[in-house]
Amino acid sequence: MLLKLKVDYKKITGQDYKAGCPPNGIELNSTGPAVEDGDDQVDPWNVSTTNAKGVDYDKLIVRFGSSKIDDELISRIGRVTGQTPHRFLRRGVFFSHRDMHQVLDAYENKKSFFLYTGRGPSSEAMHVGHLIPFIFTKWLQDTFNVPLVIQLTDDEKYLWKDLTQEQCQRYAVENAKDIIALGFDVNKTFIFSDLDYMGSSPSFYRNVVKVQKHVTFNQVKGIFGFTDSDCIGKISFPAIQAAPSFSSSFPQIFNERKDLQCLIPCAIDQDPYFRMTRDVAPRIGYPKPALLHSTFFPALQGAQTKMSASDANTSIFLTDTPKQIKNKVNKHAFSGGKDTVEEHRKYGGNPDVDVSFMYLTFFLEDDEELEKMRQDYSSGALLTGELKKRLIENLQPMIAAHQERRKQVTEEMVKQFMTPRKLDFNF
């Protein structure tokens with residue numbers, strides 16, 4: 001029994017048990033209680049659950065030790081900004097946070113912060129699920145008027161996928177075009193590729209090395225599940241994802257300042273990277289980054305997994321034609337309806353497992369219209385085919401408009417966004 005406890009201790013903390021020595025930095029080493037059979041699997045590379053409603057996010061908050069975004073915090077964001085909180089906040093798409101109250105305190109006291117989010121460019125075309133953090137990040141940037149850095153982890157994809165460096169860099173540029181097409185301001189936003197920027201920024205690399213020095217091999221094994229057969233690039237990569245959390249990694253933007261807090265909007269599966277970062281930050285003299293966590297965008301086949309770029313049938317890509325969108329939704333979108341029209345009219349459908357309704361929760365702006373759809377579908381007044389039609393009518397113009405904006409993004413514009421430079425802020 002003692003041996004088993006020691007093994008469990010090492011699995012959770014990444015450290016060998018020593019009597020009388022508590023683990024260093026519990027935020028760093030804890031990925032929460034060990035995952036039991038039947039629990040949701042959530043890590044930076046795998047997301048799965050057996051529940052048709054999707055991942056149990058309340059359980060995940062407990063397991064990861066974050067805080068729930070409650071009505072009080074949403075109201076405070078509205079009060080502080082003078083803006084109606086984004087629909088992603090109102091509907092629980094962003095559901096968990098770390099230190100958001102601290103960010104709001106600083107903002108109220110006229111202290112600045114900056115935003116950081118990222119994208120792992122593993123394919124030429126992004127899908128609609130990839131847009132979620134960027135749509136929300138743009139709202140945060142417009143609302144708070146703060147600088148934004150966007151990391152394209154082409155180095156990560158080279159280490160994890162069967163891709164050449166040239167492919168990863170090309171995907172980074174193509175993904176940057178999709179991100180720029182969302183309307184980010186070039187004067188307030190810096191997009192960078194790891195493979196390019198780290199070689200040209202001594203300040204960035206110095207911060208990577210600082211993080212690397214303060215995290216042991218045992219700890220990254222405990223956090224990320226690395227094994228002895230993983231390449232050393234994977235083991236050292238988490239420090240590269242941590243470095244943009246520190247303002248001193250971007251001296252051209254922040255004028256060498258080290259005291260600015262960072263706010264990171266991201267999907268909850270990226271949290272292990274930033275638990276590690278938050279533990280290391282005070283030990284190397286930097287403020288801990290704050291986080292806002294989003295739920296996962298479900299695959300067409302159901303909420304048991306998230307949408308994946310590697311399976312065309314689970315995903316709606318930003319390159320899809322109106323006809324492809326219609327066919328994918330009609331053919332693959334998991335239904336919460338009954339087997340026959342008669343049964344559905346009598347008993348109603350279940351919007352909580354219906355993928356079309358889930359997608360409308362992300363993209364339909366009108367709260368009242370969405371609630372009416374929920375009630376009508378639950379009562380049987382709205383059929384599955386009609387709900388799918390509503391989703392198709394929502395997605396087709398949205399993606400067509402995105403494609404038009406993307407056509408306007410030139411190579412020169414991408415170069416502007418990706419050139420290290422001063423932004424329109426004085427620090």
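**Entry 1: ground rules**

I am working with a predicted model, where local features need pLDDT of at least 70 and side-chain atom pairs count only at pLDDT 80 or more, while totals for chains, interfaces and linings use all residues. Residues are numbered from 1 along each chain as its sequence is written, and side-chain values use heavy atoms, with hydrogens and water left out.

**Entry 2: domains**

Next I looked for strands. Helices (H or I, at least four residues) and strands (E, at least two) are DSSP runs, numbered from the N terminus. Two strands pair if DSSP finds at least two bridges between them.

I traced an open sheet of 7 strands with mixed pairing, in the order β3-β4-β9-β8-β5-β6-β7. Which strands stand at the edges? They are β3 (67-68) and β7, each with a single partner strand, so one side of each has no neighbour in the sheet.

I then followed one end of the order. β5 and β6 pair in the parallel sense over 5 bridges, and L115 has L148 in β6 as its bridge partner. Strand β6 (residues 148-152) is in turn joined to β7 by 5 bridges, and these two run parallel. Here I150 has I191 in β7 as its bridge partner.

Is β7 mostly covered or mostly open? In strand β7 (residues 189-193), 5 of its 5 residues are buried, so I noted the strand as mostly covered. Buried means under 20% relative accessible area, exposed over 50%, and partly exposed in between (1.4 Å probe, protein chains only). A reminder to myself: in a regular strand the side chains alternate between the two faces of the sheet. In β7, T189, I191 and S193 are on one side and F190 and F192 on the other, and both faces are covered.

**Entry 3: pockets**

I needed the definition before searching. On a 1 Å grid over the protein atoms alone, a pocket is an open set of points where a 1.4 Å probe fits, with protein on both sides within 12 Å along at least five of seven lines, and lining residues have an atom within 4 Å of a point. Grid points are joined across faces, edges and corners, and a volume is the space filled by probe spheres set on the points.

The largest pocket holds about 1000 Å³ of space. Of its 40 lining residues, R119, H130, D269, Q270 and K306 are the closest to its centre. Two or more lining residues come from each of β5 (113-119), α7 (131-144), α8 (154-160), β8 (261-267) and β11 (302-306).

The second largest pocket has a volume of about 810 Å³. Of the 34 residues in its lining, the closest to the centre are K53, Y57, R91, G92 and T295. Where does this pocket lie? Domain 1 and domain 2 both give residues to the lining of the second largest pocket, so it lies between them.

**Entry 4: single residues**

I picked P85, which lies in the loop between α4 and α5 (87-90). P85 is buried, with a relative accessible area of 14%. Leaving aside neighbours within four places in sequence, P85 is in contact with I74, G78, R90 and W139. P85 and S75 are 10 residues apart in sequence and 7.7 Å apart in space, C-alpha to C-alpha.

R76 is found in helix α4 and is buried, with a relative accessible area of 12%. With neighbours within four places again set aside, its contacts are H101, L104, D105 and E108.

My last stop was the loop between α14 (251-254) and β8, where I found N255. Phi of N255 is near 55°, a positive value in a residue other than glycine. E256 lies in the loop between α14 and β8, and has a positive phi of about 70° although it is not a glycine. Is E256 buried or exposed? E256 is exposed, with a relative accessible area of 52%.

Definitions and conventions:
Domain bounds come from an automatic or database domain assignment. Contact means heavy atoms within 4.5 Å.
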